[in-house]
Amino acid sequence: MAISTLFHALVVLLISTALATTKANTEGDALYALRRAVDDPQGVLESWDPTLVDPCTWFHVTCDSENRVSRLDLGNGKLSGRLVPELGKLERLQYLELYMNNLVGSVPQELGGLKSLISLDLYHNNLTGPIPSSLSNLSNLKFLRLNGNKLTGRIPRELTKLGSLKILKFTATCRIMICVEQFQPGARSQSSRRKVL
């Protein structure tokens with residue numbers, strides 16, 4: 001009986017390890033897709049080796065206790081290129097810091113699937129196109145900074161559903177059809193803790 005119990009425990013352990021490795025590889029693949037989509041003249045992403053078991057040893061990547069990517073810190077990295085939809089596969093990502101680079105193209109809709117995201121900092125790039133309405137799915141989001149880009153269109157009204165949002169920063173100009181001063185997230189009173197900049 002003890003051998004049978006030990007065997008079952010070993011099987012459960014092997015399956016758990018295999019699932020964790022699969023998730024880590026999926027996350028590594030997602031991050032490596034970003035690596036392939038950007039130019040990196042400073043070698044900031046040099047340690048991003050897709051042959052490693054998981055991306056937790058890569059510079060600028062932080063993982064949680066279960067080796068799942070929780071933070072990506074690439075602010076002011078002098079990167080140029082495009083954001084990739086694969087970033088939406090980082091299920092436990094809490095902080096996506098890609099500010100002050102030279103990223104172009106649109107903000108991927110898939111970022112709206114990052115349910116754990118607390119901070120989305122894409123400010124001071126050259127991103128274009130509309131702000132995806134899918135960002136309104138980010139119920140844990142506290143900081144949304146998209147200022148200093150070339151975004152166009154309307155600020156999605158769906159963003160007003162983000163109850164935990166504290167800082168909402170778009171751009172100082174009115175390239176976006178609704179000026180920031182006219183946008184009222186959550187339609188709260190003057191005593192709201194949210195800050196629209």
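Author: Strand β6 (residues 102–105) and β8 run parallel and are joined by two bridges. This is a predicted model, in which local features need pLDDT of at least 70, side-chain atom pairs count only at pLDDT 80 or more, and totals for chains, interfaces and linings use all residues. Residues are numbered from 1 along each chain as its sequence is written, and side-chain values use heavy atoms, with hydrogens and water left out.

Reader: Why are β6 and β8 called paired?

Author: Two strands pair if DSSP finds at least two bridges between them, strands being DSSP runs of E with at least two residues, numbered from the N terminus. Two bridges join β6 to β8, so the pair qualifies. Across from V104 stands N126 in β8.

Reader: Why is N76 called partly exposed?

Author: Buried means under 20% relative accessible area, exposed over 50%, and partly exposed in between (1.4 Å probe, protein chains only). N76 has 43% relative accessibility, so N76 counts as partly exposed. N76 sits in the loop between β3 (69–73) and β4 (80–82). Its phi is near 55°, a positive value in a residue other than glycine.

Reader: How do you know that H124 is partly exposed?

Author: The relative accessibility of H124 is 42%, so H124 counts as partly exposed. H124 lies in the loop between β7 (119–121) and β8 (126–129). H124 is not a glycine, although its phi is positive, at about 55°.

Conventions: Helices (H or I, at least four residues) and strands (E, at least two) are DSSP runs, numbered from the N terminus.
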